[in-house]
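Subject: A structure for you to look at

Hello,

Here is the structure I promised to pass on. Please open it first, and then read my notes alongside it.

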2 protein chains.
Amino acid sequence: MGGSQIRRNMPLFSIGIVMQLTDLTARQIRYYEEHGLISPARTEGNKRLFSLNDIDKLLEVKDLIDQGVNLAGIKQIFNVKQQQDDVLTDEDNQEAEKVRKDLSDAELRKLLRKELLRAGRFNRGHGNPPRLQ
Amino acid sequence: MGGSQIRRNMPLFSIGIVMQLTDLTARQIRYYEEHGLISPARTEGNKRLFSLNDIDKLLEVKDLIDQGVNLAGIKQIFNVKQQQDDVLTDEDNQEAEKVRKDLSDAELRKLLRKELLRAGRFNRGHGNPPRLQ
DNA sequence: AAAACTATGTTAGATTATCTTACATATAGT
DNA sequence: ACTATATGTAAGATAATCTAACATAGTTTT
């Protein structure tokens, strides 16, 4: 797990914002969580807090559902992608990972900003850039 | 105006998250708003929603306050920077100017910091002098 | 065709997060 | 010494979110 991965996993967004960003209902988002497609963090008071990764996943879920894939299928797809990610991460990226891990807190905002700008194109291939606005 | 401007001004973050991200209290954040240093958006139900720009500004406020600048001074500094931004934006060399602007954004902070540090040495009157380390 | 399952809607009651307003207070400036 | 600045804190109100339960249109399965 590299530093940037942590950043992309930083819990930042309330469900209301995620609803706007993904155009999903709260019911849908909770249902997808219930079925293990996402695992948003929680505040001390039990409110969900979503990361950029969560939002990416939700947009992907939405996309796949639009294409007729059911949740079971999406779950499988996510599993496969996760395995790929594991392989890619474990392989040879130690050095780059190390560099990435040492990002200063000051740079965090800029990274966040960047992430938002390019939030969209899921790294592995298929492209439907969700518009964040 | 590029799409990125829209993104940076997109209201996304609740005050709780901004507190964590900036290490400011809610009181401070609201006070800075009250004095016009930021203008976060609101939800339909009147909750504040902060953008990345807001967070940047808050971090800058915090930084300047740590260096002994009062809110009036910070307001002036923001005004100056805003004017510069306006000029640069109106000068229709948008593409190249944008790069230059990014550079000068980072640079300007350092210059300001230096300048303020020097000024602080002259009229030192407060018990909490800038830590010269 | 009936039964079961899937994915979502809706409602209700409870709880958290945030809001405004007001008062308190320690430092800093005059 | 007085005033202004910047922040803390408390109270009461309300918005946003939570869980749980029941409803339902489609879709599979039997």
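**DNA strand D**

DNA strand D is surrounded by 18 residues, and the closest are A:Arg48, B:Thr25, B:Thr43, B:Lys47 and B:Leu71. Here a residue is near a molecule or strand if one of its heavy atoms lies within 4 Å of it. Of the atoms of DNA strand D that come within 4 Å of the protein, 73% belong to sugar and phosphate.

Before going on, a word on the model and its numbering. This is a predicted model, in which local features need pLDDT of at least 70 and side-chain atom pairs count only at pLDDT 80 or more, while totals for chains, interfaces and linings use all residues. Residues are numbered from 1 along each chain as its sequence is written, chains are lettered from A and ligands numbered from 1 in the order in which they are written, and side-chain values use heavy atoms, with hydrogens and water left out.

In the side chain of B:Thr25, an N or O atom is 2.7 Å from a phosphate oxygen of DNA strand D. For B:Gln28, the distance from a polar side-chain atom to a phosphate oxygen of DNA strand D is 3.2 Å.

Two elements give two or more residues to the surface near DNA strand D: H2 of chain A and helix H3 (26-34) of chain B. Helices (H or I, at least four residues) and strands (E, at least two) are DSSP runs, numbered from the N terminus. Which element gives the most to this surface? That is H3(B), with four residues. By type, the residues of the surface near DNA strand D are four nonpolar, eight polar and six charged. In this scheme Ala, Val, Leu, Ile, Met, Phe, Trp, Tyr, Cys and Pro count as nonpolar, Asp, Glu, Lys and Arg as charged, and the others, Gly among them, as polar.

**DNA strand C**

Around DNA strand C there are 20 residues, the closest being A:Thr25, A:Arg27, A:Thr43, A:Lys47 and B:Arg48. Sugar and phosphate make up 73% of the atoms of DNA strand C that come within 4 Å of the protein. A base is reached as well: an N or O atom in the side chain of A:Arg27 is 2.8 Å from a base oxygen of DNA strand C. Phosphate oxygens of DNA strand C lie 3.1 Å from a polar side-chain atom of B:Arg30 and 3.1 Å from an N or O atom in the side chain of B:Arg42.

H3 of chain A and helix H2 (15-22) of chain B each supply at least two residues of the surface near DNA strand C. The largest share, four residues, comes from H3(A). This surface divides into four nonpolar, ten polar and six charged residues.

**Chain A and its helices**

Chain A has seven helices and two strands, which run α-α-α-β-β-α-α-α-α from the N terminus on. Of its 133 residues, 41% are buried (under 20% relative accessible area; exposed is over 50% and partly exposed is in between, with a 1.4 Å probe and protein chains only).

How do helix H2 (residues 15-22) and helix H3 (residues 26-34) of chain A pack, and at what angle? They pack at about 100°, with axes 9 Å apart. Axes are lines fitted to C-alpha atoms, for helices over the stretch in contact, and angles run from 0 to 180 degrees between N-to-C directions. H2(A) is therefore roughly perpendicular to H3(A) (65 to 115 degrees; under 35 is roughly parallel, over 145 roughly antiparallel and the rest oblique). A:Ile15, A:Val18, A:Met19 and A:Thr22 of H2(A) make the contact (heavy atoms within 4.5 Å) with A:Ala26, A:Ile29 and A:Arg30 of H3(A). These residues are five nonpolar, one polar and one charged.

**Loops**

A:Asp23 sits in the loop between H2 and H3 of chain A. Its phi is near 60°, a positive value in a residue other than glycine, and A:Asp23 is exposed, with a relative accessible area of 60%.

Best wishes

Key
Polar contact = N/O pair within 3.5 Å; in protein donor to acceptor, adjacent residues only side chain to side chain.
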